[in-house]
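Welcome! Take a look at the model below, and then let us walk through some of its features together.

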Amino acid sequence: MNPSTALARVLVDELIACGLTDAVLAPGSRNAPLSLALHAADAAGRVRLHVRIDERTAGFLALGLARGSGRPVVVVTTSGTAVANLHPAVLEAAHGQVPLVVLSADRPPWLRGVGANQTIDQRALFGPALRFFHEFGVATTRPGQQAHWRSMTGRAWSAAAGSWGSPSGPAQLNVPLTEPLLPDVPDAGAVPDAPGAPGPGPGDHLALDGWPEPLSGRAGPWTGTVTPVLADAPAVPAPASGERVRFVADLTHPWASLVADAGHLVVAEAGGAAGGRALAAGIHLLSAPGFLAAARPDRVIVLGRPTLFRPVQQLLGDPRVTVDVVAHPAAYADPSGTVRSVAPGLPDLGNLPDEQWAGRWREADAVAGRAVGRVIDGLDLSASPRLVRDLVALLPARSTLVVGSSQPPRDLALTAPPRDGLRLIANRGVAGIDGTVSTAVGAALAATPADGPTVALLGDLTFLHDLTGLIIGPAEPRPELTIVVGNNDGGAIFGTLESGDPAHAPAFERVFGTPHGAELAAAVTAFGHRYTRAGTTADLDAALRNRGGVHVVEVRTSRTDLAAVLATIGEAVRGAL
């Protein structure tokens with residue numbers, strides 16, 4: 001057995017011992033030892049391997065698998081720009097606290113800085129985004145190496161999983177590999193490719209083949225670590241009886257419905273889709289100065305990291321309001337510098353807020369919700385707020401909804417009707433539009449038989465930005481995923497921001513509107529997936545029921561009317577209040 005093969009097989013074996021269930025691989029030459037070790041583990045049923053030809057897609061696929069499963073996922077690349085293409089996914093994992101392990105193959109150190117092919121300095125590529133970094137020494141045929149290989153692999157896994165008490169996030173193991181990169185022939189650890197050929201027996205994946213020390217690991221991880229139990233974590237001060245305290249939850253926070261069902265007021269970025277008794281029109285109430293002046297909370301407890309709406313940030317920056325945050329103390333948001341305390345645990349919810357004050361909020365929420373509903377009822381599916389409202393209402397229980405960035409999450413907060421039974425996933429760490437198709441594919445692949453369908457809601461630019469996420473090879477695990485694309489032929493959100501000011505009209509269409517004229521049907525069918533165009537709510541309902549494989553449902557929406565529609569909704573709410 002040559003040194004590169006030995007190192008690769010030990011790393012894969014130890015990752016599986018740590019709990020690895022899914023690995024994503026982008027092909028290359030320098031990472032050949034890792035590729036073959038993963039292929040052998042996949043053939044033996046020890047791990048599920050996903051191969052992708054685009055490293056950026058591979059990174060976000062791993063991110064989606066990790067978001068969907070809650071477990072670290074490994075992504076493997078060859079050297080050079082292949083590693084750099086993981087940077088967007090690594091940044092999202094860092095800011096979104098997603099457990100991700102990068103296994104980057106590299107040239108040996110003596111080929112750096114001398115003009116060698118496909119060689120860059122990969123050691124500081126991701127900078128402070130990493131929770132952990134280690135570069136292995138070049139493997140040689142000598143005893144005494146595997147303990148180090150396994151222990152450092154365990155450190156990377158634990159750091160990614162948050163086992164050290166720090167937030168979950170990305171870790172990188174940089175692996176210099178020397179030639180020969182392919183296993184020696186014959187090699188007892190190789191897995192035959194012929195259909196029906198026998199695979200490796202127990203322990204064959206670590207057969208010695210002349211290696212000078214045993215390579216087998218321990219029963220379980222080489223070094224076990226204990227992940228802190230969140231239920232035992234310290235909490236921010238609990239609400240006092242009768243205190244005018246309100247909770248604000250980010251788009252995907254899992255505790256929003258729990259807090260609301262306990263009897264507390266919760267304004268969630270998911271609107272009614274947050275579930276429980278969350279205030280479906282809560283964002284509208286924060287945008288109504290007259291109502292807020294009379295019903296301002298004395299304290300706000302923030303769940304996670306809400307970033308979508310300025311009225312939320314204005315409330316959190318109000319010096320008259322005490323702000324506590326439920327988040328990891330090493331990764332909490334406080335742009336205005338007003339936060340009083342931060343802790344990861346949920347406080348005791350037994351004391352409820354002032355009854356009269358809470359009743360005012362609930363009554364206003366009902367009034368505003370009816371006003372929103374009346375406006376939405378008068379629209380058709382070409383208005384994105386109507387599309388989002390109807391989609392949320394149509395999804396069956398236990399569905400997972402992957403929400404793209406830009407306008408969809410805002411429409412969700414402003415229009416989603418109250419409902420339970422949805423799980424929301426979104427890349428809100430850095431809130432980019434890149435990699436969202438791949439994230440949704442990963443979330444769908446992580447689904448269990450007990451889960452409902454996985455549906456993604458994306459804008460057209462988000463969808464087109466990650467078209468390579470639709471390239472899934474014939475031998476790869478295939479998801480069941482419906483992707484609903486609201487196609488307004490450009491960037492509708494810019495018409496609702498400062499860039500939509502008429503003063504910028506001469507430049508707006510080209511540099512903000514960015515029309516593309518792409519035919520989504522042609523792109524989808526070119527990659528071998530199903531396509532449907534929905535023009536009515538009945539069409540959308542039928543498409544959502546027609547599940548199987550990857551199914552892209554296009555809904556043509558209006559870009560130019562969005563700002564006016566949102567303004568009409570806002571006026572209706574203020575008038576009703």
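In which strand is threonine 482 found? Threonine 482 sits in strand β15 (residues 481–487); helices (H or I, at least four residues) and strands (E, at least two) are DSSP runs, numbered from the N terminus. This is a predicted model, in which local features need pLDDT of at least 70 and side-chain atom pairs count only at pLDDT 80 or more, while totals for chains, interfaces and linings use all residues. Residues are numbered from 1 along each chain as its sequence is written, and side-chain values use heavy atoms, with hydrogens and water left out.

**Confidence**
- The chain averages a pLDDT of 93, and 95% of the residues score at least 70; pLDDT is the predictor's confidence in each residue, from 0 to 100.
- Over residues 188–204 pLDDT stays under 50, and the model has 15 contacts beyond four places in sequence for them; contact means heavy atoms within 4.5 Å.

**Around threonine 482**
- Threonine 482 counts as buried because its relative accessibility is 3%; buried means under 20% relative accessible area, exposed over 50%, and partly exposed in between (1.4 Å probe, protein chains only).
- Leaving out residues up to four places away in sequence, threonine 482 touches Thr454, Val455, Ala456, Leu544, Arg547, His551 and Val553.

**Helix α19**
- Helix α19 (residues 562–576) has 15 residues and reaches 21 Å from its first C-alpha to its last, close to the 21 Å expected at 1.5 Å a residue; the expected span is 1.5 Å times one less than the number of residues.
- Buried residues in α19 are Leu562, Val565, Leu566, Ile569, Gly570 and Val573.
- Seen down the axis of α19, these buried residues fall within an arc of 135 degrees, so they line one face of the helix; the arc is that of the directions from the helix axis to the C-beta atoms.
- An α-helix has 3.6 residues a turn, so residues three or four places apart point the same way.
- The face of α19 turned away from its buried side carries the exposed residues Glu571 and Gly575.
- The buried residues of α19 pack against α8 (282–286), α11 (355–377), α12 (384–394) and α13 (407–415).

**Salt bridges**
- The whole structure has 20 salt bridges, each a side-chain nitrogen of Lys or Arg within 4 Å of a carboxyl oxygen of Asp or Glu.
- Arginine 48 and aspartate 22 meet through their side chains in a salt bridge (2.6 Å, N to O).
- Arginine 48 lies in strand β2 (residues 48–51) and aspartate 22 in strand β1 (residues 22–25), so the pair ties together parts that are 26 residues apart in sequence.
- Arginine 48 is partly exposed at 28% relative accessibility, whereas aspartate 22 is buried with a relative accessible area of 5%.
- Another salt bridge joins the side chains of arginine 299 and glutamate 243 (2.9 Å, N to O), and both residues are buried.
- A network of salt bridges links Asp13, Glu14, Arg46 and Arg150.

**Nonpolar cores**
- The largest nonpolar core has 44 residues, and those with the most contacts inside it are Val24, Val75, Val90, Phe463 and Ile483; such a core is a set of buried Ala, Val, Leu, Ile, Met, Phe, Trp, Tyr and Cys residues joined through side-chain atoms within 4.5 Å.
- Helix α3 (residues 55–69) gives the most to this core, with 7 residues.
- A second, separate core of 42 residues includes Ala274, Leu387, Ala426 and Val455.
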